[in-house]
Amino acid sequence: MEIVIYIYILFLGTILGSFFNVVGIRIPKKETLMGRSHCNNCDHQIGWIEVIPVIGYIVLGGKCKNCKTHISIKYPLIELLTGILFLVSYMILRENMIEYILIVVFISLMTIVTVSDVYYKIVPDVILMVFLPIILVLRILSSAMPWYEGILGAVIAFVFLYLIALYGKKRFGQDALGGGDIKLYFLIGLVLGYNYVMLSLVFAGLFGMLYSVIHRNREKGYIAFVPFIYAGSMVAYFFGEAIVTYYNEFLLLFI
């Protein structure tokens, strides 16, 4: 029975991941979320086989059924990533369903804004405003941490990044951080609390620097930072306690 639940959650996650792709692409363009998906090249409406998450992409060989235009690998990757994160979160948090719902909502948020940032280099305010009250209520209701730790984490993250952006603007005459990233970190702080929100920023920076080094000859100009924030937040949420513990033990060796 447990394996059936796992398969269901994984499949549901991929379906929602497909929907998050649509939301992340259409909302910045102010397009309706109603109506069937279509090929951006020939306007061919996606059929029932094509719409099956991941499987549809494989069956079609990564090309539009009608015009044979290449379909970005980003679509199935987002679908698969969402399904895997939903499943892993359930396996870890199933004893605390409110916390599980919170992290599922958070994964949903991060997936949508990651898509928007990758395609349009923006984090839509409307998405943040929709998710803010939901995350706030769930953090208050969850027993995983005291609610005030989430509030404090949100304030600390927002103020810290705002000051960095302000300094960068005055010192270098350009934005050091996007306003969307700063507002997004307010919500991340609610989820992670003050104990781990800065840890997520550290890992986001490390992942971003690693990516820049690897792709230094390919990427020019603005690099979408939200995917790295997403990765850093997941690491901080699931491994933050272990990382902090090992770090403190390591420091004790030199005291």
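This is a predicted model: local features need pLDDT of at least 70, side-chain atom pairs count only at pLDDT 80 or more; totals for chains, interfaces and linings use all residues.

Entry 1: I start at Lys183, which counts as partly exposed at 33% relative accessibility. My cut-offs: buried is under 20% relative accessible area, exposed is over 50%, and partly exposed is in between (1.4 Å probe, protein chains only). Residues are numbered from 1 along each chain as its sequence is written, and side-chain values use heavy atoms, without hydrogens and water.

Which residue forms a salt bridge with Lys183? I find Asp125, with the closest N and O atoms 2.7 Å apart. The term needs a side-chain nitrogen of Lys or Arg within 4 Å of a carboxyl oxygen of Asp or Glu. The pair links distant parts of the chain: Asp125 sits in helix α5, Lys183 in helix α7 (residues 179–214), and 58 residues separate them. Helices here are DSSP runs (H or I, at least four residues), numbered from the N terminus. Asp125 is partly exposed, at 41% relative accessible area.

**Entry 2: the other bridges.** How many salt bridges does the structure hold? I count three. One of them joins Arg94 and Glu2, with 2.8 Å between the closest N and O atoms. Arg94 is in the loop between α3 and α4, and Glu2 is in helix α1 (residues 2–26), 92 residues apart. Arg94 is partly exposed at 30% relative accessibility. Glu2 is also partly exposed, with a relative accessible area of 43%.

I then check Glu99 and Arg139, whose side chains meet in a salt bridge (3.0 Å, N to O). Again distant parts of the chain are linked: Glu99 in helix α4, Arg139 in helix α5 (residues 125–141), 40 residues apart. Is Arg139 buried or exposed? Arg139 counts as buried because its relative accessibility is 1%. Glu99 is buried too, at 3%.

**Entry 3: around Glu99.** Helix α4 spans residues 97–120 and holds Glu99. I list polar contacts (N or O atoms within 3.5 Å; within protein, one able to donate a hydrogen and the other to accept it; residues adjacent in sequence count only if both atoms are side-chain atoms). The Glu99 side chain makes one with the side chain of Ser142 at 2.5 Å. It makes another with the side chain of Tyr237, at 2.5 Å. Leaving out residues up to four places away in sequence, Glu99 touches Leu93, Arg139, Ser142, Ala144 and Tyr237. Contact means heavy atoms within 4.5 Å.

**Entry 4: Ser18.** Ser18 is in helix α1. Ser18 is buried, at 18% relative accessible area. Its side chain joins that of Glu79 in a polar contact of 3.4 Å. Beyond its neighbours within four places in sequence, Ser18 is in contact with Pro53 and Glu79.

**Entry 5: lining by helix.** I turn to the lining of the second largest pocket, where α3 (74–93), α4 and α8 (226–252) each supply at least two residues. Which helix gives the most to the lining? I note α8, with eight residues.
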